[in-house]
There are 2 protein chains.
Amino acid sequence: MRPEVAFWIRLVEQTAAMSFSDRLAAAVRRTRAPILAGLDPRWEQLPEPLRAGVDPADRTAVAQVYAAFCRGVIDAVQGLVPGVKPQAAFFEQLGPAGMTALAEVLDYAHRAGLMVVLDGKRNDIGSTAEAYADAYLGAPGLSPWGADALTVSPYLGDDSLAPFVETAQARDAGIFVLVKTSNPGGGRFQDLIADGAPLYRHVAQLVEQYAAASRAACGYGAIGAVVGATYSAQLAELRGAMPTSWLLVPGYGAQGGGARDVAGAFDSQGLGAVINNSRGLIFAHARAPYAERFGARGWQDAVAAATRDMIAELQAESTAGRL
Amino acid sequence: MRPEVAFWIRLVEQTAAMSFSDRLAAAVRRTRAPILAGLDPRWEQLPEPLRAGVDPADRTAVAQVYAAFCRGVIDAVQGLVPGVKPQAAFFEQLGPAGMTALAEVLDYAHRAGLMVVLDGKRNDIGSTAEAYADAYLGAPGLSPWGADALTVSPYLGDDSLAPFVETAQARDAGIFVLVKTSNPGGGRFQDLIADGAPLYRHVAQLVEQYAAASRAACGYGAIGAVVGATYSAQLAELRGAMPTSWLLVPGYGAQGGGARDVAGAFDSQGLGAVINNSRGLIFAHARAPYAERFGARGWQDAVAAATRDMIAELQAESTAGRL
């Protein structure tokens with residue numbers, strides 16, 4: 001799809017005040033690709049042509065490189081996938097200059113017709129949670145950062161999630177609550193058994209309540225769950241237990257999850273999940289077979305090729321092929 | 001203490017590479033006040049003279065007012081308390097301009113000889129957690145934001161905390177992990193019983209291990225716990241269960257905790273805890289008896305008076321009086 005077309009489709013959806021969930025479902029169907037491209041700029045892994053001549057100790061200069069790199073990724077995946085997931089930490093690492101770059105990247109993604117799920121894992125209580133929700137959720141103009149959705153951590157309990165839920169619904173935005181994460185130590189607390197069920201199932205139950213209460217025409221709500229790709233059994237289990245919750249699935253590629261591992265995250269129509277891939281897409285220029293085919297200078301072509309390959313993998317191995 | 005003196009004391013401590021824990025203990029003993037002044041700028045509650053003529057929809061202008069307000073609070077509490085706890089959410093709410101203001105506030109606090117515990121409740125896994133730790137922990141020069149300590153959420157498990165612990169130790173900084181929070185819904189997950197103990201005790205056990213492994217001359221480690229002032233029984237319970245962990249205690253004042261409620265957070269020497277008070281100190285100008293005594297124009301005197309009163313309350317009701 002040409003950039004202008006994506007931009008106009010998105011503008012129509014926003015103007016019509018489509019819910020986050022319906023916008024995401026429409027974008028997944030349009031692209032036939034339930035994928036987010038993770039924007040995790042890491043200095044050492046950026047294509048050499050972007051780093052050349054830049055002092056890595058100069059945070060302002062590095063922030064400009066990060067923004068340029070992310071714009072390049074956005075150009076490469078535009079029209080191929082529904083959206084991007086910028087990781088806030090890498091921008092915060094550069095201080096205020098990094099935060100300015102983050103805002104530029106979000107704006108650029110919106111103009112490219114891509115949805116933005118900001119991975120910030122924010123959480124707090126009461127009016128402080130309201131401030132986070134107000135900061136990040138909602139289209140540009142409604143919030144300074146203008147993300148379509150934000151990741152949120154649940155440790156502080158239900159009254160810490162409520163402000164995010166309320167703001168998300170008021171602004172046609174979404175949130176993804178951490179439920180079962182992809183790291184080896186994720187089980188330390190998430191797998192503790194209380195009242196006959198692991199902690200992550202208790203969190204899942206609360207998320208599903210919020211999702212059901214915000215259910216849109218596509219069948220899913222504005223509140224979803226983060227469930228790692230490295231636990232395929234739990235993905236299928238949670239797909240069943242959370243019938244109206246979108247699943248945001250990190251851990252594909254570099255963290256070890258593959259297309260077969262995430263197959264259980266989708267419903268019978270191929271909907272209900274978006275799979276994030278960061279390093280596997282954005283740093284494709286550095287690994288086989290893309291390194292040989294494209295080289296460092298062709299890094300954007302490598303991103304696009306790796307994205308197409310991931311789409312094909314998902315369509316071959318899961319109900320995403322029915323989209 | 002005159003500002004220049006506090007500055008030089010702090011410079012000596014930093015140059016001597018004193019650990020976070022020993023710096024905090026020294027500052028608590030020096031001030032005889034185990035208190036952090038919470039920097040939670042909220043537009044509607046700022047003193048009227050600061051808001052006059054400023055368009056609340058102009059985020060850059062509001063960010064400048066937030067920075068001016070926080071500098072005013074810092075001037076008022078300098079020498080009275082060990083440090084300040086800026087709440088990141090209120091600055092993030094203003095977009096990039098807010099983040100620039102946050103950096104200015106941290107820098108100003110350091111120059112005033114105050115320690116900074118940044119309340120960001122960050123959390124992530126692996127190299128992303130490293131990026132957050134690198135962003136926030138360590139004196140200016142070591143990290144772009146230059147906080148002495150950061151609050152961290154534990155849901156992602158032990159391998160998500162490890163990067164924060166390692167960076168904190170390498171940079172003589174600290175972290176405070178959410179254990180038992182002060183909000184009514186905090187118990188939703190934190191109080192779930194697994195293996196015979198509530199979840200927060202499982203988290204407390206891990207925090208105490210990290211604290212013991214980083215124990216400094218003062219007897220406490222670089223890793224501490226956030227435990228709300230609204231649960232006095234759990235405060236005393238956790239003081240006993242976490243003998244080498246600093247407790248950061250929010251919820252004093254506006255959230256309902258008083259000097260008697262937090263008495264159990266201290267050890268027999270009056271050490272081991274710092275009590276945060278945000279609204280009760282920084283917005284003292286708007287409540288009795290300070291509103292009558294100082295008025296909106298005397299808001300900085302109200303902050304100083306409320307701080308002195310809180311110090312006296314703690315010294316009367318707890319072992320903090322032995323400091």
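Asp195(B) counts as exposed because 9 C-beta neighbours lie inside 10 Å, and 12 or fewer is the limit for that class. This residue belongs to a predicted model, and its place is in the loop between β6 and β7 (197-198) of chain B. Asp195(B) is not a glycine, yet it has a positive phi of about 50°.

**Backbone details**

A second residue of chain B shows a positive phi without being a glycine: Lys121(B), with a value of about 45°. Its setting is strand β3 (residues 115-122) of chain B. Lys121(B) has 29 other C-beta atoms within 10 Å and is therefore buried, the threshold being 20 or more.

In chain A the bond joins Ala288(A) to Pro289(A), and Pro289(A) is found in the loop between α13 (279-282) and α14 (290-294) of that chain. In chain B the bond joins Ala288(B) to Pro289(B), and Pro289(B) sits in the loop between α13 and α14 of chain B.

The torsion values are collected here.

| Site | Feature | Angle |
|---|---|---|
| Lys121(B) | positive phi | about 45° |
| Asp195(B) | positive phi | about 50° |
| Ala288(A)–Pro289(A) | cis peptide bond, omega | about -5° |
| Ala288(B)–Pro289(B) | cis peptide bond, omega | about 0° |

The loop between α13 (279-282) and α14 (290-294) of chain B is also the place of Arg287(B). Arg287(B) has 15 C-beta neighbours inside 10 Å, so it counts as partly exposed. Its C-alpha atom is separated by 9.4 Å from that of Ala302(B), a residue 15 positions away along the chain.

**Chain A as a whole**

Chain A contains 15 helices and 10 strands. Its radius of gyration is 18 Å, close to the 20 Å that the globule rule gives for 323 residues, so chain A is as compact as a globular protein of that length. The C-alpha trace of chain A spans about 55 × 45 × 40 Å along its principal axes. Of the 323 residues in chain A, 61% are buried. Taking contacts in chain A between residues at least 6 apart in sequence, 72% join residues at least 24 apart.

**Helix packing**

Two packed helices are described by the angle between their axes and the distance between the axes. One pair is in chain A, where helix α4 (residues 59-77) packs on helix α6 (residues 96-111) at an angle of about 15°, with the axes 9 Å apart. Angles under 35 degrees count as roughly parallel, which makes α4(A) roughly parallel to α6(A). The crossing of α4(A) past α6(A) is right-handed. On the α4(A) side the contact includes Arg59(A), Ala63(A), Tyr66(A), Cys70(A) and Ile74(A), and among the residues they meet in α6(A) are Ala97(A), Thr100(A), Glu104(A), Val105(A) and Tyr108(A). Sorted by class, the residues in the contact of α4(A) with α6(A) are 10 nonpolar, four polar and three charged.

Another pair is in chain B. The axes of helix α7 (residues 126-136) and helix α8 (residues 158-170) of chain B come within 8 Å and cross at roughly 30°. α7(B) and α8(B) are therefore roughly parallel to each other. This crossing of α7(B) and α8(B) is right-handed. From α7(B), Ala129(B), Glu130(B), Ala133(B) and Asp134(B) take part, and they meet Ser160(B), Pro163(B), Phe164(B) and Thr167(B) of α8(B). By class, that contact of α7(B) with α8(B) has four nonpolar, two polar and two charged residues.

**The side of chain B that touches chain A**

How many residues of chain B are in contact with chain A? There are 48 of them, and they are in contact with 49 residues of chain A. The elements of chain B that give two or more residues to this side are α5 (88-92), α6 (96-111), α7, α8, α9 (187-190), β6 (193-194) and α10 (199-213). Helix α7(B) gives the most, with six residues. The residues on the side of chain B that touches chain A divide into 23 nonpolar, 17 polar and eight charged.

Conventions
Residues are numbered from 1 along each chain as its sequence is written. Chains are lettered from A and ligands numbered from 1 in the order in which they are written. This is a predicted model: local features need pLDDT of at least 70, side-chain atom pairs count only at pLDDT 80 or more; totals for chains, interfaces and linings use all residues. Axes are lines fitted to C-alpha atoms, for helices over the stretch in contact, and angles run from 0 to 180 degrees between N-to-C directions. Helices (H or I, at least four residues) and strands (E, at least two) are DSSP runs, numbered from the N terminus. Angles under 35 degrees count as roughly parallel, over 145 as roughly antiparallel, 65 to 115 as roughly perpendicular and the rest as oblique. A crossing is left-handed if the near helix is turned anticlockwise from the far one by less than a right angle, and right-handed if clockwise. Two residues are in contact if their C-beta atoms, placed from the backbone, lie within 7 Å. Ala, Val, Leu, Ile, Met, Phe, Trp, Tyr, Cys and Pro count as nonpolar, Asp, Glu, Lys and Arg as charged, and the others, Gly among them, as polar. The radius of gyration is taken over C-alpha atoms; the globule rule is 2.2 Å times the number of residues to the power 0.38.
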